[in-house]
Amino acid sequence: MSDLLFFTEVTLAGLGAGALLSLTALAFVLIYKATRVINLAVGEIVMLGAYLFFAFAAGLGLPAWVAIVLSIAGGGLVGAILERGLIRPMLGENPISVFMVTIGIGSVVVGLVELLWGTEPRALPAFLGNQPIFLGEAYVSRKIAIAFLVSAVVIAGFVLLFRFWRGGVALRATASDQAAAYSCGINVPGVFSVAWIIGCATAAGAGILLGSIGGISPAMGVFGLSALVVVIVGGLDSIAGALIGGLLIGVFEAWAGTYLGGEYKIVTTFGILIAMLMIRPYGLFGTTEIERL
Amino acid sequence: MAVDTILDINNIEVVYNKTIQVLRGLSLAVERGKIVTLLGSNGAGKSTTLKAVSNLLTLENGAVTAGSIRFDGGDTARLAPHALVRRGLFHVMEGRRIFEDLTVEENLTAATFALSGRGVKPKGFDLVYQYFPRLHERRNGLAGYLSGGEQQMLAIGRALIAQPSLILLDEPSLGLSPLLVEEIFTIIASINRDLGVSMLLVEQNASIAFAVAHYGYIMEHGKIVLDGPTERLTADEDVREFYLGMSGGENHKSYREIKHYKRRKRWLS
């Protein structure tokens with residue numbers, strides 16, 4: 001019985017971590033959906049969001065909620081600047097070139113963070129509390145439970161937004177055919193900006209949650225790689241795919257980490273990626289004719 | 001000027017990729033409330049002309065290097081494509097270009113962005129469904145699963161949502177059965193009659209274009225070679241032969257005949 005309980009606890013922890021993966025994957029998907037750009041800098045924006053929170057909450061001593069709002073807004077601002085300054089001039093270029101630019105952005109962000117805050121890992125000020133939560137008998141870390149809830153609410157919000165908000169239609173129309181979107185009176189460059197702003201703001205928010213669970217360091221952008229696996233598994237242009245892919249990868253990583261040992265976590269993740277690319281290269285929910293990575 | 005023109009293209013030149021010149025001094029005008037057709041063979045520059053008007057040319061690395069285009073009295077050169085749409089110029093692109101992974105209704109919703117900042121009231125989708133009852137039946141289905149004719153109806157339906165004063169129609173007959181072509185053109189004509197929307201219609205199918213248009217232009221190699229009211233064009237011997245496929249008499253001509261070539265030359269000069 002206690003084996004089953006342990007298994008449940010591991011699974012719940014995996015779901016929590018998976019929800020964070022989903023949230024980060026969502027940032028990928030939002031930007032890809034509207035602009036067809038694979039933004040490899042998402043992991044670094046996640047990291048930047050965490051450091052911004054650190055700067056506002058620990059450095060300036062602002063209350064946690066103010067720091068949260070400011071960091072998310074800061075992430076959005078960075079997204080706007082990146083889109084306007086670096087991505088829009090690249091419009092119409094080879095997708096691989098744009099892709100490379102985002103890798104460059106990632107490196108620059110890491111460098112800037114190291115310059116400003118140094119390379120050593122730090123802990124974020126605690127603001128989520130520490131009392132454990134019990135679901136029945138199973139123990140769940142409070143932080144992970146909160147991360148799960150926040151991710152779930154945000155993702156549900158985006159799903160609804162895309163379904164019922166007129167702007168969601170504009171985003172999907174732009175992704176489907178830019179020239180036709182223009183011809184319908186949709187402000188295509190505006191849609192690009194909005195996608196980058198929302199995507200980067202989401203990533204920054206995910207960074208705060210991630211940092212408050214595991215601490216922050218300039219190398220935490222590697223998390224973005226797992227999130228990239230999630231979007232490839234779930235489908236590059238599917239929000240539902242990001243959600244389910246994230247939970248799937250999170251749970252498998254937790255199982256592998258517990259039962260096989262920590263060194264098997266990444267192996268499992270990328271094992272799933274390889275299997276997925278062989279069976280369904282466009283992901284679980286991705287549009288079939290989409291470019292394959 | 002006595003005639004009220006809604007669109008005035010004045011001596012424009014268009015160059016793609018800074019190297020390939022497609023239009024060489026093309027001029028044409030669309031009178032308000034009228035259907036004007038622009039005919040020509042493949043590669044004459046018809047679609048380019050429409051894209052130059054709607055400014056979608058920039059997406060394909062094309063640019064208007066000389067001349068001017070005035071829509072509703074204002075120069076279009078500095079306006080982004082979506083800004084032009086919001087002023088009432090709607091371009092129904094070649095090949096329909098509907099959003100395939102959106103539903104029919106979402107496709108129409110996308111077109112409501114054309115009304116932003118114009119102070120006009122959205123009329124709802126009933127007008128579209130009135131002209132195209134078939135779209136109503138399929139309003140919740142994915143647009144990609146519509147038949148070619150229905151997709152063309154949807155493309156025109158999107159234009160109706162935008163409440164434009166001028167519609168640019170690029171080969172609405174493309175890939176449709178003769179029966180459907182007739183149905184669609186009947187609707188095009190009645191939209192023009194009922195709503196007073198001006199139209200610039202690019203076609204390969206000259207006879208159906210002449211059936212609805214008031215005025216016609218014929219272009220070759222990037223410029224206009226002949227124009228006039230449709231009655232005059234349809235009576236023109238050259239037009240009858242080259243565009244309406246009527247050889248005028250029983251002596252069927254061969255493409256090898258030198259006379260044919262000479263006559264073609266004549267109107268080019």
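This is a predicted model: local features need pLDDT of at least 70, side-chain atom pairs count only at pLDDT 80 or more; totals for chains, interfaces and linings use all residues.

Reader: On to the sheets. What is the order of the open sheet with 6 strands in chain B?

Author: The order is E6-E7-E8-E3-E9-E10 in chain B, and the pairing is mixed. Strand E6 (89-92) and strand E10 (223-229) of chain B are the edge strands. On average, neighbouring strands of this sheet are turned by 15 degrees against each other, direction ignored.

Reader: How many bridges join E6(B) and E7(B)?

Author: 4 bridges, in the parallel sense. In that pair, B:His91 stands opposite B:Leu168 in E7(B).

Reader: And E7(B) with E8(B), how many bridges there?

Author: 5 bridges, parallel. B:Leu166 stands opposite B:Ser198 in E8(B).

Reader: What about E3(B), how does it pair with E8(B)?

Author: E3(B) and E8(B) pair in the parallel sense over 5 bridges. B:Thr37 has B:Leu201 as its bridge partner in E8(B). Strand E3 (residues 35-40) of chain B is also joined by 5 bridges to strand E9 (residues 215-220) of chain B, and those two run parallel. There, B:Gly40 stands opposite B:Met219 in E9(B).

Reader: E8(B), then: how many of its residues are buried?

Author: 6 of the 6, so E8(B) is largely enclosed by the rest of the structure. B:Ser198, B:Leu200 and B:Val202 point one way, and B:Met199, B:Leu201 and B:Glu203 the other way.

Reader: Which strands does helix H1 of chain B lie across?

Author: Helix H1 (residues 46-54) of chain B lies across E3, E6, strand E7 (166-170), strand E8 (198-203) and E9 of chain B. H1 of chain B runs at about 150 degrees to E7(B).

Reader: What about the open sheet of 4 strands in chain B, what order does it have?

Author: E2-E1-E4-E5, with antiparallel pairing. Strand E2 (20-31) and strand E5 (74-75) of chain B are at the edges, each pairing on one side only. Strand E1 (residues 5-16) of chain B pairs with E2(B) over 9 bridges.

Reader: New topic: the two chains. How many residues are in contact?

Author: 19 residues of chain A are in contact with 24 residues of chain B. Helix H6 (166-176) and helix H7 (178-183) of chain A each supply at least two residues of chain A's side. That side has 10 nonpolar, 6 polar and 3 charged residues.

Reader: Which elements cover the buried residues of H3(B)?

Author: The cover includes H6 and H7 of chain A, together with helix H4 (126-131), helix H5 (133-137) and helix H6 (148-161) of chain B. 7 of the 8 residues of helix H3 (residues 104-111) of chain B are buried, so the helix is largely enclosed by the rest of the structure. Among the buried ones are B:Glu106, B:Asn107 and B:Ala110.

Reader: What does B:Ala110 touch?

Author: Leaving out residues up to four places away in sequence, B:Ala110 touches A:Val169, A:Ala170, A:Ala173, A:Ala181, A:Cys184, A:Ile186, B:Phe99 and B:Leu102.

Reader: How many residues has the largest nonpolar core?

Author: 171 residues. Those with the most contacts inside it are A:Ala50 and B:Ala110. Helix H1 (residues 2-35) of chain A gives the most to this core, with 17 residues.

Reader: Last one. Why is A:Trp117 classed as partly exposed?

Author: Because it has 16 other C-beta atoms within 10 Å, and buried takes 20 or more while exposed takes 12 or fewer. A:Trp117 is found in helix H4 (residues 95-117) of chain A. A:Trp117 and A:Tyr51 are 66 residues apart in sequence and 8.2 Å apart in space, C-alpha to C-alpha.

Methods: Residues are numbered from 1 along each chain as its sequence is written. Chains are lettered from A and ligands numbered from 1 in the order in which they are written. Two residues are in contact if their C-beta atoms, placed from the backbone, lie within 7 Å. Ala, Val, Leu, Ile, Met, Phe, Trp, Tyr, Cys and Pro count as nonpolar, Asp, Glu, Lys and Arg as charged, and the others, Gly among them, as polar. Two strands pair if DSSP finds at least two bridges between them. Axes are lines fitted to C-alpha atoms, for helices over the stretch in contact, and angles run from 0 to 180 degrees between N-to-C directions. A nonpolar core is a set of buried Ala, Val, Leu, Ile, Met, Phe, Trp, Tyr and Cys residues joined through C-beta atoms within 7 Å.
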